[in-house]
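Take a walk through this model, one region at a time. Keep the sequence and the 3D view side by side.

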Amino acid sequence: MIHMLALVAVLCHSPVSGVQDPTQKPAEIRTPHFVADVSAAPEMQPWGHTAEALCEVWYSKVSAMLKSDESYRPLPETVKIIFDLESQAPAYVAGQTMHVSVPYVKGHLNDFGMIIHELTHLVQR
């Protein structure tokens with residue numbers, strides 16, 4: 001149990017007690033709008049809409065957990081999620097764009113953890 005509490009503290013970058021330094025002002029996190037470009041595979045539109053919504057909900061959470069400072073590398077107002085027919089990787093981030101493999105998603109329709117994993121890379125860029 002102690003190991004789990006230590007892990008949670010490390011992941012959240014806050015003391016185990018949950019008390020935060022009152023003199024430290026939390027950074028304001030601006031969540032970009034996520035847009036799925038399914039032009040290469042229009043049948044992926046429902047999955048793309050779910051990915052957009054998940055990214056918009058989880059962006060600020062992941063940014064807060066990682067204590068991301070976007071003041072020196074802000075994202076644009078809109079981040080594209082491009083569906084790629086030929087990608088060998090399940091997904092990847094290049095600059096300020098997320099790329100998702102259509103064949104991978106078709107074979108793993110419930111793997112929305114993959115998009116959150118890529119969202120983490122986007123926050124870390």
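Is Lys67 buried, partly exposed or exposed? The model is predicted, and in it Lys67 has a relative accessible area of 44%. Buried would need under 20% and exposed over 50%, so Lys67 counts as partly exposed. Lys67 is found in the loop between α2 and β2. Its backbone deserves a look too. Phi of Lys67 is near 50°, a positive value in a residue other than glycine. Most residues other than glycine have a negative phi.

Now step back into helix α2, which covers residues 45-65. Start with Trp47. Trp47 is buried, at a relative accessible area of 6%. A search of the whole structure finds 3 aromatic pairs. One of them joins Trp47 and Phe83.

Trp47 has another partner, Phe112. Here the centres lie 4.7 Å apart and the planes are at 15°, so this pair is stacked. The cut-off for stacking is under 30 degrees. Phe112 sits in the loop between α3 (102-107) and α4 (113-124). The link to Trp47 in helix α2 spans 65 residues, joining distant parts of the chain. Taken together, Trp47, Phe83 and Phe112 form one aromatic cluster.

Next, the surface. Val57, Trp58, Met65 and Leu66 make a nonpolar surface patch of about 310 Å². Val57 is found in helix α2. Val57 is partly exposed, with a relative accessible area of 46%. Trp58, another member of the patch, also meets a charge. The charged end of Lys61 sits over the ring of Trp58, 4.9 Å from the ring centre.

Finally, turn to the hairpin. Which strands build it? They are β3 and β4, with 2 residues between them. Strand β3 runs over residues 91-94 and strand β4 over residues 97-101. The two pair in the antiparallel sense over 4 bridges. In the turn, Gly95 has a positive phi of about 65°. Lys67 also has a positive phi, but Lys67 is a residue other than glycine.

How values were computed:
Residues are numbered from 1 along each chain as its sequence is written. This is a predicted model: local features need pLDDT of at least 70, side-chain atom pairs count only at pLDDT 80 or more; totals for chains, interfaces and linings use all residues. Side-chain values use heavy atoms; hydrogens and water are left out. Rings of Phe, Tyr and Trp (its six-membered ring) pair if their centres lie within 6.5 Å; planes under 30 degrees apart count as stacked, over 60 as edge-to-face and the rest as tilted. Buried means under 20% relative accessible area, exposed over 50%, partly exposed in between (1.4 Å probe, protein chains only). A charge sits over a ring if NZ of Lys or CZ of Arg is within 6 Å of the ring centre and within 35 degrees of the ring normal. Two strands pair if DSSP finds at least two bridges between them. Patches are made of residues with over 30% relative accessible area and no salt bridge: like charges are joined within 9 Å, nonpolar side chains (Val, Leu, Ile, Met, Phe, Trp, Tyr) within 5 Å. Accessible areas come from the Shrake-Rupley method with a 1.4 Å probe; for residues, only the protein chains shown count as cover. A salt bridge is a side-chain nitrogen of Lys or Arg within 4 Å of a carboxyl oxygen of Asp or Glu.
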